[in-house]
Amino acid sequence: MVGKTPESIEAIRPLKEGVIADFEITEKMIKHFIQKSHSRNSFIRPRIIICIPYGLTQVERKAVKTSAMNAGARDVILVEEPKAAAIGAGLPIQDPKGNMVIDIGGGTTEIGVISLGGLVKSKSIRVGGDKFDQAIIDYVKKKFNLLIGERTAEDVKIEIATAIAPDKEMKMAIKGRDQVTGLLKSIEITSKDVRDSMSETLVEISDAVKQVLEVVPPDLASDIVDNGIVLTGGGSLIRGLDSYISKIIKLPVYISEEPLLAVAKGTERMLDEIELLQQIQSTNA
Ligand SMILES: Nc1ncnc2c1ncn2[C@@H]1O[C@H](COP(=O)(O)OP(=O)(O)OP(=O)(O)O)[C@@H](O)[C@H]1O
Ligand SMILES: [Mg+2]
(Lines give C-alpha, C1' and ligand atoms only; values in the text may rest on other atoms or scores of the structure.)
(Ligands and ions follow the chains in the order given, each with its own letter.)
Protein backbone atom coordinates (compact mmCIF):
# COMPACT_ATOMS: atom_id res chain seq x y z
CA MET A 1 0.00 0.00 0.00
CA VAL A 2 2.99 2.31 0.39
CA GLY A 3 2.53 5.20 -2.03
CA LYS A 4 -0.91 4.01 -3.10
CA THR A 5 -3.25 5.06 -0.30
CA PRO A 6 -6.12 7.55 -0.44
CA GLU A 7 -5.94 10.60 1.83
CA SER A 8 -7.79 8.92 4.68
CA ILE A 9 -5.24 6.09 4.98
CA GLU A 10 -1.57 6.35 5.72
CA ALA A 11 0.84 3.47 5.07
CA ILE A 12 3.71 3.53 7.57
CA ARG A 13 6.87 1.52 7.91
CA PRO A 14 7.19 0.87 11.64
CA LEU A 15 10.84 -0.07 11.16
CA LYS A 16 13.25 1.93 9.10
CA GLU A 17 16.98 1.55 8.57
CA GLY A 18 17.00 -1.39 10.95
CA VAL A 19 15.60 0.53 13.92
CA ILE A 20 12.15 1.34 15.27
CA ALA A 21 10.76 4.42 13.56
CA ASP A 22 7.34 4.35 15.21
CA PHE A 23 6.98 2.78 18.67
CA GLU A 24 3.23 2.65 18.86
CA ILE A 25 2.84 0.92 15.51
CA THR A 26 5.74 -1.44 16.19
CA GLU A 27 4.02 -2.61 19.38
CA LYS A 28 0.77 -3.12 17.49
CA MET A 29 2.61 -5.03 14.80
CA ILE A 30 4.27 -7.37 17.32
CA LYS A 31 0.91 -7.85 19.05
CA HIS A 32 -0.61 -8.75 15.71
CA PHE A 33 2.08 -11.35 15.04
CA ILE A 34 1.72 -12.84 18.52
CA GLN A 35 -2.01 -13.26 17.98
CA LYS A 36 -1.50 -14.61 14.51
CA SER A 37 0.94 -17.29 15.64
CA HIS A 38 -1.27 -18.32 18.57
CA SER A 39 -4.53 -18.52 16.63
CA ARG A 40 -5.78 -15.33 18.25
CA ASN A 41 -5.55 -16.74 21.78
CA SER A 42 -4.69 -13.44 23.42
CA PHE A 43 -3.91 -14.96 26.85
CA ILE A 44 -0.66 -16.43 25.72
CA ARG A 45 2.43 -14.48 26.74
CA PRO A 46 5.16 -16.02 24.60
CA ARG A 47 8.89 -15.95 24.91
CA ILE A 48 10.16 -14.02 21.91
CA ILE A 49 13.47 -13.97 20.14
CA ILE A 50 14.06 -10.78 18.21
CA CYS A 51 16.93 -10.37 15.82
CA ILE A 52 18.56 -6.98 15.80
CA PRO A 53 21.27 -5.41 13.69
CA TYR A 54 24.67 -5.73 15.33
CA GLY A 55 25.15 -1.97 15.30
CA LEU A 56 22.22 -1.05 17.55
CA THR A 57 22.99 1.18 20.50
CA GLN A 58 21.98 0.21 24.05
CA VAL A 59 19.10 2.67 23.86
CA GLU A 60 17.86 1.17 20.59
CA ARG A 61 18.17 -2.36 22.02
CA LYS A 62 16.15 -1.35 25.03
CA ALA A 63 13.47 0.14 22.79
CA VAL A 64 13.10 -3.16 20.94
CA LYS A 65 12.78 -5.07 24.21
CA THR A 66 10.28 -2.62 25.66
CA SER A 67 8.10 -2.72 22.55
CA ALA A 68 7.92 -6.50 22.64
CA MET A 69 7.24 -6.60 26.40
CA ASN A 70 4.45 -4.02 25.98
CA ALA A 71 3.05 -6.11 23.16
CA GLY A 72 2.62 -9.01 25.60
CA ALA A 73 5.84 -10.97 25.58
CA ARG A 74 6.78 -12.88 28.74
CA ASP A 75 10.45 -12.70 27.96
CA VAL A 76 12.43 -11.13 25.12
CA ILE A 77 15.76 -12.44 23.93
CA LEU A 78 17.82 -10.36 21.53
CA VAL A 79 20.10 -12.04 19.03
CA GLU A 80 22.27 -10.25 16.53
CA GLU A 81 21.15 -10.77 12.96
CA PRO A 82 24.45 -12.07 11.53
CA LYS A 83 24.34 -14.99 13.97
CA ALA A 84 20.76 -15.85 13.11
CA ALA A 85 21.50 -15.47 9.40
CA ALA A 86 24.52 -17.78 9.66
CA ILE A 87 22.52 -20.44 11.49
CA GLY A 88 19.69 -20.11 8.98
CA ALA A 89 22.18 -20.49 6.15
CA GLY A 90 23.35 -23.75 7.75
CA LEU A 91 26.84 -22.64 8.80
CA PRO A 92 28.44 -24.55 11.68
CA ILE A 93 28.78 -21.45 13.86
CA GLN A 94 29.33 -23.40 17.08
CA ASP A 95 32.54 -24.89 15.73
CA PRO A 96 35.90 -23.26 16.43
CA LYS A 97 36.04 -22.14 12.81
CA GLY A 98 35.71 -18.87 10.95
CA ASN A 99 32.23 -18.57 9.44
CA MET A 100 31.51 -15.41 7.53
CA VAL A 101 28.14 -14.03 6.47
CA ILE A 102 26.94 -10.89 4.75
CA ASP A 103 23.26 -10.23 5.40
CA ILE A 104 21.89 -7.57 3.09
CA GLY A 105 18.44 -6.56 4.29
CA GLY A 106 16.17 -3.67 3.49
CA GLY A 107 17.66 -1.17 5.93
CA THR A 108 20.99 -2.60 7.00
CA THR A 109 23.84 -4.75 5.81
CA GLU A 110 25.39 -6.86 8.51
CA ILE A 111 28.73 -8.51 8.10
CA GLY A 112 29.82 -11.03 10.67
CA VAL A 113 32.61 -13.47 11.34
CA ILE A 114 31.45 -16.07 13.81
CA SER A 115 33.35 -18.75 15.69
CA LEU A 116 32.32 -20.80 18.74
CA GLY A 117 28.89 -19.19 18.65
CA GLY A 118 30.19 -15.66 19.10
CA LEU A 119 30.74 -12.74 16.77
CA VAL A 120 34.49 -12.37 16.47
CA LYS A 121 34.35 -9.43 14.10
CA SER A 122 31.39 -7.65 12.66
CA LYS A 123 30.20 -4.52 11.06
CA SER A 124 26.78 -3.08 10.46
CA ILE A 125 26.07 -0.34 7.99
CA ARG A 126 22.74 1.38 7.45
CA VAL A 127 22.75 0.51 3.80
CA GLY A 128 20.58 -2.09 2.10
CA GLY A 129 17.80 -2.71 -0.39
CA ASP A 130 15.97 0.53 0.48
CA LYS A 131 19.05 2.53 -0.39
CA PHE A 132 19.18 0.89 -3.81
CA ASP A 133 15.52 1.86 -4.31
CA GLN A 134 16.27 5.46 -3.35
CA ALA A 135 19.29 5.52 -5.65
CA ILE A 136 17.07 4.42 -8.54
CA ILE A 137 14.51 7.14 -7.69
CA ASP A 138 17.25 9.81 -7.62
CA TYR A 139 18.82 8.58 -10.84
CA VAL A 140 15.53 8.55 -12.76
CA LYS A 141 14.75 12.03 -11.46
CA LYS A 142 18.10 13.36 -12.61
CA LYS A 143 18.45 11.59 -15.94
CA PHE A 144 14.84 11.49 -17.14
CA ASN A 145 13.25 14.30 -15.10
CA LEU A 146 10.77 11.70 -13.96
CA LEU A 147 9.37 11.23 -10.46
CA ILE A 148 8.72 7.61 -9.55
CA GLY A 149 7.56 6.03 -6.30
CA GLU A 150 9.29 3.58 -3.93
CA ARG A 151 7.29 0.66 -5.25
CA THR A 152 8.22 1.34 -8.85
CA ALA A 153 11.87 1.66 -7.87
CA GLU A 154 11.75 -1.66 -6.01
CA ASP A 155 10.08 -3.33 -8.99
CA VAL A 156 12.85 -2.02 -11.26
CA LYS A 157 15.48 -3.36 -8.86
CA ILE A 158 13.88 -6.80 -8.65
CA GLU A 159 13.24 -7.00 -12.40
CA ILE A 160 16.45 -5.72 -13.96
CA ALA A 161 19.09 -4.76 -11.35
CA THR A 162 22.49 -6.35 -11.94
CA ALA A 163 25.65 -5.77 -9.93
CA ILE A 164 27.90 -6.70 -12.85
CA ALA A 165 27.35 -6.31 -16.58
CA PRO A 166 25.15 -9.21 -17.77
CA ASP A 167 25.60 -11.01 -21.12
CA LYS A 168 22.60 -9.14 -22.39
CA GLU A 169 21.45 -5.85 -20.87
CA MET A 170 17.76 -5.77 -19.89
CA LYS A 171 15.23 -2.96 -20.06
CA MET A 172 11.91 -2.10 -18.58
CA ALA A 173 9.18 0.51 -19.09
CA ILE A 174 8.36 2.63 -16.04
CA LYS A 175 5.77 5.31 -15.44
CA GLY A 176 5.95 8.43 -13.37
CA ARG A 177 5.37 12.16 -13.36
CA ASP A 178 7.38 14.39 -15.64
CA GLN A 179 8.97 17.04 -13.45
CA VAL A 180 8.84 19.69 -16.14
CA THR A 181 5.34 19.29 -17.58
CA GLY A 182 3.71 17.72 -14.54
CA LEU A 183 2.17 15.13 -16.84
CA LEU A 184 2.30 11.36 -16.53
CA LYS A 185 4.88 9.76 -18.73
CA SER A 186 6.40 6.37 -19.52
CA ILE A 187 10.09 5.88 -20.19
CA GLU A 188 12.39 2.94 -20.73
CA ILE A 189 15.13 2.22 -18.20
CA THR A 190 17.97 -0.20 -18.87
CA SER A 191 19.89 -2.49 -16.55
CA LYS A 192 22.94 -0.35 -17.29
CA ASP A 193 21.07 2.71 -15.91
CA VAL A 194 20.15 0.76 -12.81
CA ARG A 195 23.70 -0.48 -12.33
CA ASP A 196 25.03 3.06 -12.62
CA SER A 197 22.52 4.28 -10.06
CA MET A 198 23.51 1.55 -7.61
CA SER A 199 27.28 1.76 -7.96
CA GLU A 200 27.92 4.00 -4.96
CA THR A 201 25.88 1.80 -2.65
CA LEU A 202 27.56 -1.34 -3.99
CA VAL A 203 30.94 0.18 -3.18
CA GLU A 204 29.78 1.01 0.36
CA ILE A 205 28.88 -2.64 0.88
CA SER A 206 32.09 -4.03 -0.58
CA ASP A 207 34.18 -1.53 1.41
CA ALA A 208 32.55 -2.68 4.62
CA VAL A 209 33.27 -6.31 3.72
CA LYS A 210 36.92 -5.42 3.08
CA GLN A 211 37.16 -3.63 6.42
CA VAL A 212 35.98 -6.72 8.26
CA LEU A 213 38.38 -8.97 6.34
CA GLU A 214 41.25 -6.67 7.26
CA VAL A 215 40.78 -7.33 10.96
CA VAL A 216 39.92 -11.04 10.98
CA PRO A 217 42.42 -13.06 13.05
CA PRO A 218 44.70 -15.08 10.71
CA ASP A 219 43.51 -18.55 11.75
CA LEU A 220 39.89 -17.67 11.14
CA ALA A 221 40.86 -15.95 7.89
CA SER A 222 42.29 -19.20 6.63
CA ASP A 223 38.91 -20.92 7.23
CA ILE A 224 37.18 -18.15 5.31
CA VAL A 225 39.62 -18.55 2.42
CA ASP A 226 38.78 -22.26 2.36
CA ASN A 227 35.02 -22.04 2.85
CA GLY A 228 34.12 -18.70 1.36
CA ILE A 229 31.48 -16.25 2.46
CA VAL A 230 27.72 -16.73 2.52
CA LEU A 231 25.28 -14.04 1.40
CA THR A 232 21.82 -13.85 2.98
CA GLY A 233 18.96 -11.35 3.05
CA GLY A 234 16.77 -10.07 0.24
CA GLY A 235 19.50 -7.80 -1.07
CA SER A 236 21.59 -10.82 -2.01
CA LEU A 237 19.03 -11.58 -4.73
CA ILE A 238 20.35 -8.72 -6.86
CA ARG A 239 21.73 -10.47 -9.91
CA GLY A 240 25.49 -10.94 -9.90
CA LEU A 241 26.03 -9.51 -6.43
CA ASP A 242 27.87 -12.65 -5.36
CA SER A 243 30.27 -12.39 -8.32
CA TYR A 244 30.65 -8.65 -7.77
CA ILE A 245 31.78 -9.08 -4.15
CA SER A 246 33.83 -12.16 -4.95
CA LYS A 247 35.75 -10.28 -7.63
CA ILE A 248 36.65 -7.46 -5.25
CA ILE A 249 37.76 -9.52 -2.28
CA LYS A 250 39.07 -12.44 -4.33
CA LEU A 251 37.31 -15.07 -2.24
CA PRO A 252 34.44 -17.41 -3.06
CA VAL A 253 31.00 -15.96 -2.23
CA TYR A 254 27.81 -18.06 -2.17
CA ILE A 255 24.16 -17.17 -1.84
CA SER A 256 22.35 -19.15 0.85
CA GLU A 257 19.26 -21.19 0.08
CA GLU A 258 16.19 -18.98 0.41
CA PRO A 259 18.18 -15.91 1.45
CA LEU A 260 15.05 -13.94 2.40
CA LEU A 261 14.27 -16.54 5.05
CA ALA A 262 17.74 -17.14 6.51
CA VAL A 263 17.31 -14.96 9.61
CA ALA A 264 13.81 -16.29 10.30
CA LYS A 265 14.94 -19.89 9.88
CA GLY A 266 17.95 -19.36 12.13
CA THR A 267 15.67 -17.86 14.76
CA GLU A 268 13.29 -20.79 14.50
CA ARG A 269 16.17 -23.18 15.16
CA MET A 270 17.21 -21.20 18.23
CA LEU A 271 13.68 -21.39 19.61
CA ASP A 272 13.77 -25.16 19.17
CA GLU A 273 17.27 -25.68 20.51
CA ILE A 274 17.63 -23.98 23.83
CA GLU A 275 21.31 -24.91 24.16
CA LEU A 276 22.11 -23.28 20.87
CA LEU A 277 20.28 -20.19 22.02
CA GLN A 278 22.12 -20.06 25.32
CA GLN A 279 25.42 -20.30 23.55
CA ILE A 280 24.82 -17.50 21.13
CA GLN A 281 22.47 -15.12 22.86
CA SER A 282 23.57 -11.51 22.69
CA THR A 283 25.73 -10.76 25.70
CA ASN A 284 25.18 -7.04 25.90
CA ALA A 285 21.41 -6.97 25.50
N1 LIG B 1 14.47 -10.64 -6.01
C2 LIG B 1 15.00 -9.58 -5.39
N3 LIG B 1 15.98 -8.86 -5.98
C4 LIG B 1 16.52 -7.79 -5.37
N5 LIG B 1 16.14 -7.35 -4.14
C6 LIG B 1 15.17 -8.02 -3.52
C7 LIG B 1 14.54 -9.17 -4.09
N8 LIG B 1 13.61 -9.62 -3.22
C9 LIG B 1 13.64 -8.80 -2.16
N10 LIG B 1 14.58 -7.84 -2.32
C11 LIG B 1 14.92 -6.74 -1.42
O12 LIG B 1 15.36 -7.26 -0.19
C13 LIG B 1 15.08 -6.33 0.86
C14 LIG B 1 14.43 -7.04 2.02
O15 LIG B 1 15.29 -8.05 2.47
P16 LIG B 1 15.14 -8.69 3.92
O17 LIG B 1 13.79 -9.27 4.06
O18 LIG B 1 16.30 -9.60 4.10
O19 LIG B 1 15.28 -7.39 4.81
P20 LIG B 1 14.90 -7.19 6.35
O21 LIG B 1 15.43 -8.32 7.11
O22 LIG B 1 13.46 -6.88 6.42
O23 LIG B 1 15.71 -5.83 6.68
P24 LIG B 1 16.87 -5.56 7.76
O25 LIG B 1 17.69 -6.79 7.83
O26 LIG B 1 17.61 -4.40 7.17
O27 LIG B 1 16.19 -5.22 9.01
C28 LIG B 1 14.19 -5.25 0.27
O29 LIG B 1 14.97 -4.09 0.02
C30 LIG B 1 13.72 -5.88 -1.06
O31 LIG B 1 13.49 -4.90 -2.04
MG1 LIG C 1 17.18 -8.76 7.97
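These questions and answers go through a predicted model of a protein with a ligand.

Biologist: How many helices and strands does the secondary structure of the protein come to?
Modeller: Both kinds of element are present in this predicted model. The count comes to ten helices and twelve strands.

Biologist: Which radius of gyration does the protein have, and why does it agree with a compact globule?
Modeller: The C-alpha trace spans about 60 × 50 × 30 Å along its principal axes. For 285 residues, a compact globule would have a radius of gyration near 19 Å. The protein agrees with that, because its own value is 20 Å.

Biologist: What percentage of the residues is buried?
Modeller: A residue counts as buried if 20 or more other C-beta atoms lie within 10 Å of its own. Of the 285 residues in the protein, the buried ones make up 37%.

Biologist: Among contacts between residues at least 6 apart in sequence, what share joins residues at least 24 apart?
Modeller: The contacts considered here are those between residues at least 6 apart in sequence. The share of them joining residues at least 24 apart is 65%.

Biologist: Which helix gives the most to the shell around ligand 1?
Modeller: Helix 4 (129–144) and helix 5 (150–160) each supply at least two residues of that shell. The one that gives the most, with three residues, is helix 5.

Biologist: How do the residues of the shell around ligand 1 divide by type?
Modeller: There are 19 residues around ligand 1, and Gly105, Gly129, Gly233, Gly234 and Leu237 come nearest. Domain 1 (84–128 + 198–261) and domain 2 (129–197) each contribute at least three residues to the shell. By type, the shell divides into five nonpolar, ten polar and four charged.

Note on methods
Residues are numbered from 1 along each chain as its sequence is written. Chains are lettered from A and ligands numbered from 1 in the order in which they are written. This is a predicted model: local features need pLDDT of at least 70, side-chain atom pairs count only at pLDDT 80 or more; totals for chains, interfaces and linings use all residues. A residue is near a molecule or strand if its C-beta atom, placed from the backbone, lies within 6 Å of it. Helices (H or I, at least four residues) and strands (E, at least two) are DSSP runs, numbered from the N terminus. Ala, Val, Leu, Ile, Met, Phe, Trp, Tyr, Cys and Pro count as nonpolar, Asp, Glu, Lys and Arg as charged, and the others, Gly among them, as polar. Domain bounds come from an automatic or database domain assignment. The radius of gyration is taken over C-alpha atoms; the globule rule is 2.2 Å times the number of residues to the power 0.38. A residue is buried if 20 or more other C-beta atoms lie within 10 Å of its own, exposed if 12 or fewer, and partly exposed in between; C-beta atoms are placed from the backbone. Two residues are in contact if their C-beta atoms, placed from the backbone, lie within 7 Å.
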